[in-house]
Amino acid sequence: KKVLFVCSAGILRSATAARIYARKYNTRAAGSSSYALIPVTHELLLWANEVVFVNQENFAHVARKFDLDDFACTTKVLDIPDQYEHMHPELIKHFEEQYEPT
């Protein structure tokens, strides 16, 4: 299974998720903003079986750029605030509580 995690910059929240779920899945991290280290692209959306957005804002930003119905991936939207450093225990706890792979 290929899972793309999306936050704003692609370096804290989504990178944490990609790292913790990499033991089970083929994961990547990307960002929805113009300053993202690795921005969400058409190719990444084609690659993914599932796209997990860390919050509604990130989902909305990507949905304005791409018609997500054009891709075969499923989408999930979590509710994780942008207040944690990479691999912070509370951030990991949020993912464990909110993300259940399909």
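Author: Let us begin with a group of rings: Phe5, Tyr21, Phe95 and Tyr99 form one aromatic cluster. The model is predicted, so local features need pLDDT of at least 70 and side-chain atom pairs pLDDT 80 or more, while totals for chains, interfaces and linings use all residues. Residues are numbered from 1 along each chain as its sequence is written, and side-chain values use heavy atoms, leaving out hydrogens and water.

Reader: How many aromatic pairs does the rule give?

Author: Rings of Phe, Tyr and Trp (its six-membered ring) pair if their centres lie within 6.5 Å, and planes under 30 degrees apart count as stacked, over 60 as edge-to-face and the rest as tilted. The count by this rule is 6 aromatic pairs. Among them, tyrosine 21 and tyrosine 99 are edge-to-face, with 5.0 Å centre to centre and 80° between the planes.

Reader: Which parts does this pair tie together?

Author: Helices are DSSP runs of H or I with at least four residues, and strands are runs of E with at least two, numbered from the N terminus. Because tyrosine 21 lies in helix 1 (residues 13-21) and tyrosine 99 in the segment after helix 4 (89-98), the pair joins parts that are 78 residues apart in sequence.

Reader: Is tyrosine 99 buried or exposed?

Author: Buried means under 20% relative accessible area, exposed over 50%, and partly exposed in between (1.4 Å probe, protein chains only). Tyrosine 99, at 5%, is therefore buried, and tyrosine 21 is buried as well, with 11%.
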